[in-house]
Amino acid sequence: MSTLTSPTAEPTESAAGHDVVVRLRDIGKTFPGVVANQDVNIDIRRGTVHAIVGENGAGKSTLMKILYGVQKPDSGTIEVNGEVISLSSPSDAIGAGIGMVFQHFMLADNLTVLENVVLGAEKLHGIGDGAREVIREISTAYGLDVDPDVLVEELGVGARQRVEILKVLYRGARIVILDEPTAVLVPQEVEELFGNLRELKAEGLAVIFISHKLDEVLSVADEVTVIRRGRTVDTLPAASVTSRQLAEMMVGSELPSPSTEESTVTERVVLEVRDLTLPAPQGRDLLSDIDLSIRAGEILGIAGVEGNGQSELVESIMGMRQPSSGVVTLDGRDISSLSTRERRDAGIGYIPEDRHRHGLLLDAPLWENRILGHQTREPNIAGPLIDRGGARRDTERIVAEFDVRTPGIDTTARALSGGNQQKLIVGREMAGDPVLLIASHPTRGVDVGAQSAIWGHIKRARRQGLAVLLISADLDELIGLSDTIRVLLRGRLGETFDPDTVTPQMLGSAMTGAAS
Amino acid sequence: MTPRSTRLVLGIAAPALALVAAFLITSLVLAFAGDPIGDVWAQILSLPSDRGYINIVNSATVYYLSAVAVAIGFRMNLFNIGVDGQYRVSAFAAAVVAGEGWLPGYLNTVLALLAAVLVGAMWAGIAGLLRVTRGVSEVISTIMLNAIATFLVAYLLRKVAVSDPGSNITSTKPVPEGSRVPGIHAFGETATIYGLLFLAVAVGIAYWFVINKTRFGFDLRATGQSETAAVASGINVKRMIVISMLLSGGVAGLVGMPLLFGNDYAYGSTFQSGLGFAGIAIALLGRNHPVGIALGALLFAFLDEQANPLEILLDVSPQIVKITQGVIVLTVVIAYEVVRRYGVRLEQRRVAGALHEEVAA
Amino acid sequence: MSMVADPTAGTQSPRPKISVGWIYLGLAGALVLISLLRIVTGAHDLDSSGTLRATLVAAVPIGMAGLGGLWSERAGIVNIGLEGMMILGTFGAGYFGYFYGPWQGVVGAILLGMVGGLLHAIATVTFGVDHIVSGVAVNIIALGATQYLAQLAFTGVPGGGSTQSPSIDKLPTVTISGIADPLGELEAKHWFVVSDLAAVLGALTSNLSVLTILCLLLFGVSYLVLWRTRFGLRLRSCGESPEAAESLGINVIRYKFLAVLVSGGLAGLGGGFLAMVASSTYRDGQTGGRGYIGLAAMIFGNWRPGGLLAGSGLFGYTDTLRLRGGGETIHGLLLLVAAGLVVMAVWQVRKAGRRGAFITAAVGVAVAVWYFVTESIPEDLTGMTPYVTTLLVLALFSQRLRMPAADGKPYRKGSAG
């Protein structure tokens, strides 16, 4: 494995001039049945932003958990500031000056920012006014703009992330790890975050940045390490490589892209939503006066920052929430007063955004999961009874057609990887021959291979006349798949964009409500 | 080993582990109290007398119904701790109905059984409604309803009571001869096995069939495994909660029926109590499976029967068996969890192994 | 499985913010109201110092159980086994109290309660058993063990038997006679508000067992520890977000374990109080479901010691009224309940919706009808007052409250990230 400086590099900001602060040598980690990391070698330098990229499931997160003491490596060493250290818990890592901002924030909603920050570090500045002062200082010094006495549940996503960064700085971290920090941010917030990171770098901290968003990575990182299938492929200066090259290193082969072909949109309106309003127990309506329509053969993409009403919109159309007003029609038929089951029977397929909570019975075998959501139809049932044989046969069919990698249909859903679970769900929902498919973040947490397979299935169904409501935070996916894009902001549907002409920046502005 | 045979072995390993652990712990308690461990186990683990076998089957019948009632709730992730109150209220109602004898012969019996099921369902339904409309935990509400049932039944008993001159016990009007369910003779003993044993068997078969083979059963199991997935799949969860509590209470109502129609023939202040909690332990031991529950019921009945003479023979409180039963609940659940985690790791290895072969091939 | 408010029962309302000022106002208002009621109905026993003293004695065991529940649930472990731990406490007090002395009885009660807590802790924290199942198991084991040990310990002992211990010596009581006597005179005057206040103070200054004082202090201590110390912050974080706590290097397992042990000790203390202050012996069945009622008081109090104290007071008061006033007093309470329900229904119309309000109003009217149609409640039925009250309290308040975010959820080390 090559480690550093490719001979043709001419870095503007020479990373080579800085000391190595973290050195990972031959790190290996295996879980039952899965090799997460193998022979990983990386040098991180002080005063730089070092990115680690790889596709979903490549082993990046496991590596960072090892560096933060959440997992112990099976083999290999970690050196910090030239000393080999052994980390058996996050406190050891914190003691070594390592701080981690997790992808899923580790914050207690019912506690204040102050309480969340001092938790576990009460010795440093106490839990009262002393701590409060220090938090305000750090917040001002790095431009984090955080109020210590606010309850975390009242904070938006960007603010929460800044609290996480503050937590790390409060403990005197000199090495800051960020795991997929931009997954939940819009382009403008991403720029703000990168500004913060550059300030950290200027103070001499080392920033490790895990991501699979290659354009962003190249705009802020000094060095990039590519990981594939648990191994380090190479480490290069960011200036010397393009995102296309990085992508190919990540996957090891040609990259699929969700480019659209010719339009398949027809005239027939499949889904129509008029004046849908969903009030909240307090304050602003969750959804206001939603008007949309989707025609057969059309994919309508909804862009929006999480928390602006996307889940509520999907749940209202599915009948899981009761709007206070509005009409939903499917193929001309008013389904506003139908139950979720009846709406599914009328021909709506649903790929939920959280497959573990809404899409699968994790401890049930695959063939029973095939029945989930379709308990009222063939081939799963025969009258009031479950048709076990029919369900099993159809599950075999789905496994074959949708390339679900599993040893058999009696395996429990929990044992499958995220991508295979999602492929099963897609196959199941398509099997009902729906007229409308609601796909909510359909490729979230799914490896590149499964992602392109799922895109392929959706596009094929669209050619056959399926109408699709697509919710996604992946702007590339939205732009690539949709025929029309609309933005959901604070519960209202805003402008319509043409995917052929829109850019991520334009969408980002509309999603955050910044002046366009 | 195929997945199914692996599952079977793991399924048996857990209760076996649990029982061994429970017996060990009970022995520790006996040692601590200075009771003769060896003699106690010798008595408990000895073969029952002929009369003893009949008692065991009878107790097991009643325990079985109680455990199935609890199991219906467990499948839905609902804890019906109220079986105790439900069966007493129902038994009282059924005894009153049977005693009045509005219909002749066995029609009367059937009517009384219906009354028991309805009253039990209703009593459990209160808890179910409180849960879906007001968000009240069914754990606390059923426990409260148990206590309320005690007072209610005592009060009503006093109102409708018919006391036998010469006895201290107040009870309802006795069930007429023609409505009593004849027992099954065995071993040439005068005591008989409850005729309503068949009712228990029928309930067990119905339980197995509905839960595993019908659409309703699928919905019920799905809701119990993941409420959120159930909602997304179109199941009306609130409706399921209420229906499950009603079903659970209805079966709970039948718990006292073998006693009523095969032994006591009236509901009195000495009607057997405490059957509800045993049902919880047995449902857990049997993993909510109709055959597992049957085995568990037999085991508990066996322990009860064999512990009876402990007081007279060895001056040891028969309560020791209650400790064993409670410890079994804990050890069983711990054992199942330990075995389950092991099984998950096995499966993950298997899945990865199979995929590796695929890739290599 | 969620213990209290669950997702199918409608969206939770946001947490109500009650400032200290409102609390004082509320208390003052209640005092005035009860004083009025007393003068109007002539039922001077309504808030006499005797009644209030009895209320205190009835409230403390419930409060201790509730406090135990609070400690446990604040760390994320649901503890249904409080009843069993309380039963162990009654036996501990009976055994050590009789054979050694009253203070040993107190220690014995706490220790035995903690044994129950240890069992629950090992099952739920170490092995990840479902909290409810473990709690039910602890109750079964505790009951069986207590009956078994009681038979061993007390048969053949003079004054005792298999179901009860002989008399335990009493703990010292405190009476500030300098204040108590003039307060008593003031109370006898039956003056508006002044006499009621005198009764309240009188109940607190005469014949107060040291154990009562100790238990009341524990409420304050719990508040201080849980909300003002680092230990308390860490413990609460385990109940709000154990993943966050673990990611910050906190040994979540240790805090959960400790919390459940403390929980058992508190419940045991409540049991000890039952055996030594509320009565003077251990008796089989003494706890009467107080472990569960304590949980209801905790829920009512929104998992805070202050609210819990109020809730326990409420339960203690209704139980005292039942014991002292009998069927007629409980009958009077019906009117109060009916009025309350109607008021709630009016308030509900604005917030929740027509249907919910209608049902509440209908129930309120039904209760009012019951009141007017009957003269009193039969003695047999008054026994169910505490349990019906519990149901009522839970039905009215379950949805508005906020339990610790990770309460009842299984936790495994390594779940951070």
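A residue is called buried here if 20 or more other C-beta atoms lie within 10 Å of its own. The legends below describe close-up views of a predicted model.

**Figure 1. Strand β3 of chain A is enclosed on both faces.** By the burial criterion above, five of the five residues of β3(A) are buried, so the strand is largely enclosed by the rest of the structure. In a regular strand the side chains alternate between the two faces of the sheet. On one side of β3(A) stand A:V49, A:A51 and A:V53, and on the other A:H50 and A:I52; both faces are covered, and these residues are all buried.

Figure 2. Strand β3 (residues 49–53) runs parallel to strand β8 (residues 206–211) of chain A, and five bridges join them. Within this pairing, A:H50 is placed opposite A:I208 of β8(A), while A:V49 is placed opposite A:V207 of β8(A). With strand β9 (residues 223–228) of chain A, β3(A) forms four bridges, again in a parallel arrangement. Here A:H50 faces A:E223 of β9(A).

Figure 3. The strands follow the order β6-β7-β8-β3-β9-β10 (chain A), and their pairing is mixed.

Figure 4. Chain A is divided into domain 1, residues 15–251, and domain 2, residues 269–512. Taken over C-alpha atoms, the centres of domain 1 and domain 2 of chain A are separated by 33 Å. Nine residues from domain 1 of chain A and 14 residues from domain 2 of chain A take part in the contact. On the side of domain 1 of chain A that touches domain 2 of chain A, five residues are nonpolar, three are polar and one is charged.

**Figure 5. The two domains of chain B and their contact.** In chain B, domain 1 is made up of 1–35 + 320–361, and domain 2 of 62–202 + 242–315. A distance of 31 Å lies between the C-alpha centres of domain 1 and domain 2 of chain B. Between these domains, 10 residues of domain 1 of chain B are in contact with nine residues of domain 2 of chain B. Helix α15 (residues 320–360) of chain B gives the most to the side of domain 1 that touches domain 2, with nine residues. That side of domain 1 of chain B comprises eight nonpolar and two polar residues, with no charged ones.

**Figure 6. The interface between chain C and chain B.** Chain C contributes 45 residues to this contact and chain B contributes 43 residues. On the side of chain C that touches chain B, at least two residues come from each of α5 (131–154), α12 (290–300), α16 (379–382) and α17 (385–397) of chain C. Among the contributors to this side, α5(C) gives the most, with 14 residues. The residues on this side of chain C divide into 31 nonpolar, 11 polar and three charged.

**Figure 7. The interface between chain C and chain A.** In this contact, 20 residues of chain C meet 21 residues of chain A. Helices α9 (230–240) and α10 (242–247) of chain C each supply at least two residues of the side of chain C that touches chain A. The largest share of that side, five residues, is from α9(C). By residue class, the side of chain C that touches chain A has eight nonpolar, eight polar and four charged residues.

**Figure 8. Helix α11 of chain C.** This helix of 27 residues (residues 252–278) reaches 37 Å from its first C-alpha to its last, close to the 39 Å expected at 1.5 Å a residue. Of the 27 residues of α11(C), 23 are buried, so the helix is largely enclosed by the rest of the structure.

How values were computed:
Residues numbered from 1 in each chain as written. Chains lettered and ligands numbered in written order. Predicted model: local features only at pLDDT ≥ 70, side-chain atom pairs only at ≥ 80, totals over all residues. Contact = placed C-beta atoms within 7 Å. Nonpolar A, V, L, I, M, F, W, Y, C, P; charged D, E, K, R; others polar. Expected span 1.5 Å × (residues − 1). Buried ≥ 20, exposed ≤ 12 C-beta atoms within 10 Å, placed from the backbone. Pairing = 2+ DSSP bridges. Domains from an automatic or database assignment.
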